[in-house]
Amino acid sequence: MQVDTTQDASYFGTWASLRERKILCFAEGDVITTTCATPESFAREMRRLREWAVEAGYWLGVDAGSRAAAWRAAGLGDLLHEEAA
């Protein structure tokens, strides 16, 4: 799922996989992948990412699309666009 921010561009973006517990960031040609060992560590990392982006004024929310129910079931509904708005 795309993690939307006001900084998204062809050279920057962040994506997150709830199923794989991975967060991928693409920034100016660099790719950074964070793999979390547990669902709890994935939730912590996603909330840390949101905290940083909110403080910077960039946060919009996770665009989970048809997977929104899975994010809510995992206790991460507050990260979604519709809940974050």
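How many bridges pair β3 and β4, and in which sense do they run? The two strands pair in the antiparallel sense over six bridges. This is a predicted model, in which local features need pLDDT of at least 70, side-chain atom pairs count only at pLDDT 80 or more, and totals for chains, interfaces and linings use all residues. Residues are numbered from 1 along each chain as its sequence is written, and side-chain values use heavy atoms, with hydrogens and water left out.

**The sheet**

- Five strands form an open sheet in the order β4-β3-β2-β1-β5, with antiparallel pairing. Strands (E, at least two residues) and helices (H or I, at least four) are DSSP runs, numbered from the N terminus. Two strands pair if DSSP finds at least two bridges between them.
- β4 and β5 (59-63) stand at the edges with a single partner strand each, so one side of each has no neighbour in the sheet.
- Neighbouring strands of this sheet are turned by 20° against each other on average, direction ignored. Here the axes are lines fitted to C-alpha atoms, for helices over the stretch in contact, and angles run from 0 to 180 degrees between N-to-C directions.

**Strand partners and hairpins**

- β2 and β3 run antiparallel and are joined by six bridges.
- Tryptophan 15 has leucine 24 in β3 as its bridge partner.
- Alanine 16 stands opposite isoleucine 23 in β3. Isoleucine 23 also stands opposite threonine 34 in β4.
- The hairpin of β2 and β3 has four residues between the strands, and arginine 21 there takes a positive phi near 55°.
- The hairpin of β3 and β4 has two residues between the strands. Glutamate 28, in that turn, has a positive phi of about 50°.

**Salt bridges**

- The structure holds four salt bridges. Each is a side-chain nitrogen of Lys or Arg within 4 Å of a carboxyl oxygen of Asp or Glu.
- One of them joins glutamate 45 and arginine 48, at 2.5 Å from N to O. Both residues lie in helix α1, three residues apart, which is about one turn of the helix.
- Aspartate 78 forms a salt bridge with arginine 47, with the closest N and O atoms 2.7 Å apart. Aspartate 78 lies in the loop between α2 (68-73) and α3 (81-84) and arginine 47 in helix α1, so the pair ties together parts 31 residues apart in sequence.
- Aspartate 78 also forms a salt bridge with arginine 50, again with the closest N and O atoms 2.7 Å apart. This pair links distant parts of the chain, 28 residues apart.
- Aspartate 78 is partly exposed at 30% relative accessibility, arginine 47 at 28% and arginine 50 at 21%. Buried means under 20% relative accessible area, exposed over 50%, and partly exposed in between (1.4 Å probe, protein chains only).

**The largest pocket**

- The largest pocket has a volume of about 260 Å³. A pocket is an open set of points on a 1 Å grid over the protein atoms alone, where a 1.4 Å probe fits, with protein on both sides within 12 Å along at least five of seven lines. Its volume is the space filled by probe spheres set on the points.
- The pocket is lined by 13 residues (those with an atom within 4 Å of a point). Thr14, Ile23, Cys25, Arg48 and Leu49 lie nearest its centre.
- α1 gives the most to the lining, with five residues.
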